[in-house]
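Dear colleague,

I am passing on the structure we spoke about, with the sequence and the coordinates together below. My notes on it follow directly after.

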Amino acid sequence: MRTRALIVSLLLAVPALLCAQAPAKPSPANSANKMTPKTQTPEGVHRSALVIDTHADTPQRFVDENFDLGDPLGSGNVNLDALHKGNVGAEFFSIWVEPTLYKGQYARRTLVLIDAVKQQVARHPDQMELATSAAGIEQARRDHKIAALMGIEGGHSIEDSLGLLRQYYALGVRYMTLTWANSNGWADSSGDIDDKAVPHTKEGLNEFGKDVVYEMNRLGMMVDVSHVSDRTFFRTLIISRAPVIASHSSARALCNAPRNMTDEMLRAIANSGGPGSKGGVVQVNFYSGFLSQAYHDAQLAQQPEMDKAIQALKDKAKADGKEVTYAEIEKVQRQYADRIPRPPLSVLIDHIDHIAKVAGVDHVGLGSDFDGVSGQLPEGMDSAADLPKITAALMARGYSAEDCRKILGGNLLRVFREVEQVSKELQAESRPRITEKQPFDKWQKQ
Ligand SMILES: [Zn+2]
């Protein structure tokens with residue numbers, strides 16, 4: 001997410017339909033006893049887990065603010081100190097190209113951001129390691145280093161070229177979100193699906209879009225369905241031979257935002273990947289506007305006033321013969337966001353718990369969206385250093401140590417491995433094929 005996406009999603013958001021949730025029923029409890037071994041305390045469980053966060057927007061800071069991971073956090077959520085304190089084993093840095101600002105230079109900006117991540121790893125060889133596989137994540141852990149990975153956020157980065165897609169893979173990119181808040185001609189976005197002025201595909205993916213998904217399967221790049229329209233979501237799940245991920249998405253039943261996943265979608269992800277697959281994973285987004293219905297509604301209410309303030313800023317800049325910068329707009333957005341009380345941390349845990357109950361505990365993980373949400377995070381979640389609080393809260397709700405370790409990273413690692421396995425199988429096939437009629441028809445919306 002980014003605040004620009006927020007505007008779009010707010011404009012498109014349908015009126016609140018908050019479903020009251022039944023009180024959480026604990027999963028198979030890890031019954032506390034007096035002789036709890038250290039690995040069973042929340043702190044011990046968190047330390048023993050391979051923690052994987054699938055979405056941080058820090059690369060914008062690397063490039064635009066000359067931010068180094070060794071620097072103090074400033075207004076951000078991710079630096080080396082915070083990652084260490086949060087026991088983060090692997091961070092997927094988001095390669096996100098703002099589609100309006102960089103029109104005509106998507107590939108260039110993509111490469112600049114990829115380079116920025118690699119520069120960070122090069123600057124901190126004692127603490128970081130670039131990883132491009134599930135085994136690489138585990139190796140970094142054995143080396144006592146943080147694994148840095150990359151995911152592209154928005155298919156417009158490939159500029160309609162499978163060649164570019166393959167080169168991004170070659171550079172180390174291991175997932176791609178099919179769209180950001182903008183539809184790209186071959187896949188549709190939840191961010192503009194109701195905008196009649198934007199051209200959309202007929203079935204959610206056009207022929208090229210299907211080729212993209214197939215090529216990602218063949219390469220071993222995880223297919224990410226965060227941000228896509230519901231139709232594109234279901235179409236992608238029919239096409240994909242490998243299980244899919246939602247790198248940073250929460251539950252629509254708890255907060256009715258178009259970027260969140262309905263219960264049907266959560267179950268579909270759990271069942272994605274074809275016969276014999278162990279299914280995909282939904283990585284919960286920490287953004288307050290996706291977690292709390294009250295927060296989401298408050299944003300909707302102040303939207304007209306904020307739009308006016310931003311317009312005034314633009315008008316003034318124009319009168320002065322200047323361009324208004326993205327940072328200036330973000331400052332106004334932050335000022336408005338700061339007026340809304342932060343939701344409690346429990347809302348984040350509610351989403352994890354909901355997805356674990358609807359899709360299964362094997363199909364939920366963490367995709368923070370750190371550094372991409374203008375600091376709009378629940379109380380107590382200020383940086384990656386606060387991640388152990390999630391483990392403590394899950395255990396307080398009865399989640400076992402084993403379940404916590406799955407949620408913290410084990411599930412993502414399993415899916416990543418399976419994506420690599422499917423890639424091997426596809427590359428062994430004599431000719432490419434797309435499985436249009438394979439077993440997912442049941443997930444299609446009627
Ligand atoms: Zn996003």
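The protein contains 16 helices and nine strands, where helices (H or I, at least four residues) and strands (E, at least two) are DSSP runs numbered from the N terminus. This is a predicted model, in which local features need pLDDT of at least 70 and side-chain atom pairs count only at pLDDT 80 or more, while totals for chains, interfaces and linings use all residues. Residues are numbered from 1 along each chain as its sequence is written, and side-chain values use heavy atoms, with hydrogens and water left out.

Of the 446 residues, 58% count as buried, a term that stands for under 20% relative accessible area, with exposed meaning over 50% and partly exposed what lies in between (1.4 Å probe, protein chains only). Among the contacts with a separation of 6 or more, 76% are between residues 24 or more positions apart, a contact being heavy atoms within 4.5 Å.

Strands first. Strand 1 (residues 51-56) is mostly covered, with six of its six residues buried, and it runs parallel to strand 2 (residues 88-96), to which four bridges join it; two strands are taken to pair if DSSP finds at least two bridges between them. In this pairing valine 51 stands opposite valine 88 of strand 2. Strand 2 is in turn joined to strand 4 by seven bridges, again in the parallel sense, and phenylalanine 93 has methionine 150 of strand 4 as its bridge partner. Strand 3 (residues 128-130) also pairs with strand 4, parallel and over three bridges, with glutamate 129 opposite alanine 147.

Strand 4 itself is largely enclosed by the rest of the structure, because eight of its eight residues are buried. Ile146, Ala148, Met150 and Ile152 point one way from the strand, Ala147, Leu149, Gly151 and Glu153 point the other way, and all of them are buried. Ile152 is also one of the residues touched by threonine 110, together with Ile95, Val97, Ser157 and Tyr168, when residues up to four places away in sequence are not counted. Threonine 110 belongs to helix 5 (residues 106-123) and counts as buried at 0% relative accessibility.

Helix 15 (residues 388-396) and helix 16 (residues 401-428) have axes that come within 10 Å and cross at roughly 145 degrees, the axes being lines fitted to C-alpha atoms over the stretch in contact and the angles running from 0 to 180 degrees between N-to-C directions. The contact is made by Thr391, Leu394 and Met395 on helix 15 and by Cys404, Ile407 and Leu408 on helix 16. These residues divide into five nonpolar, one polar and no charged, with Ala, Val, Leu, Ile, Met, Phe, Trp, Tyr, Cys and Pro counted as nonpolar, Asp, Glu, Lys and Arg as charged, and the others, Gly among them, as polar.

Serine 247 lies in the loop between strand 7 (245-246) and helix 10 (263-270), and it is buried, with a relative accessible area of 0%. Its side chain makes a polar contact of 2.8 Å with the side chain of histidine 248, where a polar contact is a pair of N or O atoms within 3.5 Å, of which, within protein, one must be able to donate a hydrogen and the other to accept it, and residues adjacent in sequence count only if both atoms are side-chain atoms. Leaving aside neighbours within four places in sequence, serine 247 is in contact with Thr54, His55, Tyr175, Thr177, Asp224, Ser226, Gln283 and Gly367.

Most residues other than glycine have a negative phi. Aspartate 160, in the loop between strand 4 (146-153) and helix 7 (162-170), has a positive phi near 55 degrees. Aspartate 371, in the loop between strand 9 (364-366) and helix 15, has a positive phi of about 65 degrees and counts as buried at 17% relative accessibility.

Lysine 202, by contrast, is exposed, with a relative accessible area of 75%.

With best regards
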